[in-house]
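Open the structure in your viewer and keep the selection tool at hand. This tour goes stop by stop, telling you what to pick and what to look for.

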Amino acid sequence: MSIISVKNIHKDFANNSVLRDASFEVKEGEFLCMVGPSGCGKSTLLRIMLSLEKPTSGEIITDKSAKPALVFQNFALFPWLSVRDNIGFGLKMKGMPKAEIDKKILPIIDELKLFGSENFHPKELSGGMKQRVGIGRALAIEPSILFLDEPFSAVDALTAKELRKDLLEIWAKRKITAVMVTHLVEEAVELADRVVVFGNDKNKPSIIEIAEIDLPRPRDTRSKEFFAEVDKLEDRIK
Amino acid sequence: MRYTHQLHHDKLIRPRFRWLSAGIFFLIIAIVAVLVGFSGLFDIDKTAFIAGFFSSLFRISVAYILAFVLAVAIGLTVSANSEIEEMFLPILDVLQSFPSFVLFPILVVALKSQPDLVIILVLTITIIWPILFAIISGVKGRREDLEEAATIFGAVRQKKFFNFTLPMLLPSIVTGSIVGWGEGWEFIIGAELLVSTHWGIGKYLGQLGSSGQNSSLFFGVILLLLFLFLINRILWLPLLHNSTKYQADA
């Protein structure tokens with residue numbers, strides 16, 4: 001069953017075409033990655049799917065029950081709030097009492113290995129920790145669909161690897177839908193059930209291909225099959 | 001983890017102690033100055049000075065609150081979208097350069113029986129500018145992804161105002177307020193000389209000056225400076241410190 005339908009989306013910025021005729025469906029429970037070179041419009045499409053931006057034409061049909069949350073590229077944590085209050089922000093906006101929020105976010109703090117840092121402020125955290133808070137803030141509102149905009153591009157490679165592993169665990173355990181933008185093909189192949197491949201040719205539709213990744217989970221990122229998938233997709237982008 | 005936590009803890013606490021010890025130091029100086037000042041040595045009229053100071057403080061506080069509310073309302077309206085901003089910013093720029101003392105004669109005639117109101121109104125017009133422009137530039141410099149995060153996680157209308165806009169602008173507001181507050185004190189001394197009020201620190205110092213009590217005037221000015229310095233120490237500097245402590249990248 002599809003939870004979001006992207007239908008013929010076009011987006012121009014001042015006569016510059018960013019997205020051309022982009023269409024695909026997001027299936028409930030899947031991990032979908034949008035991959036492509038910078039400037040191909042993948043982040044713009046993510047923002048359009050979240051209604052943060054309007055398309056020039058086309059439409060997004062979102063299932064009524066869908067509850068979205070977003071993890072940001074540069075974390076976008078509120079600097080004046082502690083880790084605890086950042087994670088509980090969405091619940092506070094819903095009017096939930098403080099004691100209940102604390103009860104609700106405790107398992108998330110544990111799950112994201114943030115225990116002991118609840119009272120720190122974002123400024124006092126490393127990049128990896130910040131993104132854990134970003135993920136925690138998104139999970140706290142119990143989303144049915146988790147959007148991630150290049151979530152690991154602002155952290156170092158080792159941390160990114162660890163975060164990818166944790167993200168997969170969270171996705172599998174909570175049975176949520178994940179839609180992630182990345183510019184790394186390896187990252188997409190490691191995480192996704194399906195990869196939407198974007199191109200930069202202004203005379204062609206934005207989406208070159210929607211590839212199914214059939215590799216069994218957990219995926220061995222050093223196997224021959226893994227590299228074969230990566231090579232195949234990278235060839236399509238070139 | 002425990003070790004880094006400890007380190008971090010020290011880092012947070014120490015500046016506070018420093019503030020506190022500096023505060024106590026200045027408090028002692030102030031108490032000594034007040035005792036000397038009011039000892040009769042300098043012939044300062046205790047009642048006139050204290051009543052004058054607090055009358056002026058009251059006027060400035062009322063004007064500050066008015067200016068603050070207006071500046072937030074105007075600042076957020078003007079910077080709400082770029083078209084409104086382009087239209088109003090030049091107007092505000094011209095208005096800002098307008099010396100507020102010019103309004104005095106007009107208001108004195110218009111509100112003859114209300115000298116306090118005249119002073120408060122002109123004070124408000126003086127104090128508002130630094131706060132207003134700090135807010136406008138604070139809105140301009142905001143991080144858009146933070147605003148999107150606020151929207152996505154459900155901060156709309158007044159919830160957005162109290163949970164996102166206000167805390168985001170707090171450092172700008174405090175900086176603007178410190179400047180505005182200072183300009184307010186500068187202004188009120190002159191204003192109280194011009195408009196006849198019953199009590200006022202400007203009025204009292206003016207009386208000391210015109211009756212030739214030079215040493216009293218001199219010590220009165222020193223005392224006033226100390227009082228203002230204390231307000232800065234106790235109110236504004238801790239506010240500034242707290243509002244900027246966690247800002248910067250997140």
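**Stop 1: the hairpin of chain A**

Select β1(A) and β2(A): they form a hairpin with 2 residues between them. In the turn, pick A14(A), which has a positive phi of about 45 degrees. Bear in mind that this is a predicted model.

Now show residues 2–13 for β1 of chain A and residues 16–27 for β2 of chain A. The two strands pair in the antiparallel sense, over 8 bridges. Go to S2(A) and look across: K27(A) in β2(A) stands opposite.

**Stop 2: the open sheet**

Strands of a sheet pair through backbone hydrogen bonds, either parallel or antiparallel. Next, select β5, β6, β7, β3, β8 and β9 of chain A, in that order. They make an open sheet of 6 strands with mixed pairing. At the edges are β5 and β9 (207–212) of chain A, each pairing on one side only. On average, neighbouring strands of this sheet are turned by 15 degrees against each other, direction ignored.

Zoom in on β3 (residues 31–35) and β8 (residues 194–198) of chain A. Parallel or antiparallel, in which sense do these two pair? They run in the parallel sense, over 4 bridges. Pick C33(A) and you will find V195(A) of β8(A) opposite.

**Stop 3: helices on the sheet**

**Stop 4: a helix pair in chain A**

Keep α5(A) and select α4 of chain A, residues 98–111. Their axes come within 10 Å and cross at roughly 140 degrees. The two helices are therefore oblique to each other. The crossing of α4(A) and α5(A) is right-handed.

Show the side chains where they meet. From α4(A), pick K104(A), I105(A), I108(A) and I109(A). From α5(A), pick G136(A), L139(A) and A140(A). By class, this contact has 5 nonpolar, 1 polar and 1 charged residues.

**Stop 5: where the chains touch**

Turn on both chains. How many residues does each chain bring to the contact? Chain A gives 23 residues and chain B gives 19 residues. On chain A, β5 (68–71) and α3 (89–93) each supply at least two residues of the side that touches chain B. The largest share on that side, 3 residues, comes from α3(A). Colour the chain A side by class: 15 nonpolar, 4 polar and 4 charged residues.

**Stop 6: chain B**

Chain B has 9 helices and 0 strands. Of its 250 residues, 30% count as buried. Among contacts in chain B between residues at least 6 apart in sequence, 76% join residues at least 24 apart.

Finish with α4 (residues 103–110) and α5 (residues 115–140) of chain B. They pack at an angle of about 150 degrees, with their axes 10 Å apart. That makes α4(B) roughly antiparallel to α5(B). The crossing of α4(B) and α5(B) is right-handed.

Pick L103(B), F104(B), L107(B) and V108(B) in α4(B). They meet V118(B), L121(B), V122(B) and I125(B) in α5(B). This contact of α4(B) with α5(B) has 8 nonpolar residues, no polar and no charged.

Note on methods:
Residues are numbered from 1 along each chain as its sequence is written. Chains are lettered from A and ligands numbered from 1 in the order in which they are written. This is a predicted model: local features need pLDDT of at least 70, side-chain atom pairs count only at pLDDT 80 or more; totals for chains, interfaces and linings use all residues. Two strands pair if DSSP finds at least two bridges between them. A residue is buried if 20 or more other C-beta atoms lie within 10 Å of its own, exposed if 12 or fewer, and partly exposed in between; C-beta atoms are placed from the backbone. Two residues are in contact if their C-beta atoms, placed from the backbone, lie within 7 Å. Ala, Val, Leu, Ile, Met, Phe, Trp, Tyr, Cys and Pro count as nonpolar, Asp, Glu, Lys and Arg as charged, and the others, Gly among them, as polar. Axes are lines fitted to C-alpha atoms, for helices over the stretch in contact, and angles run from 0 to 180 degrees between N-to-C directions. Angles under 35 degrees count as roughly parallel, over 145 as roughly antiparallel, 65 to 115 as roughly perpendicular and the rest as oblique. A crossing is left-handed if the near helix is turned anticlockwise from the far one by less than a right angle, and right-handed if clockwise.
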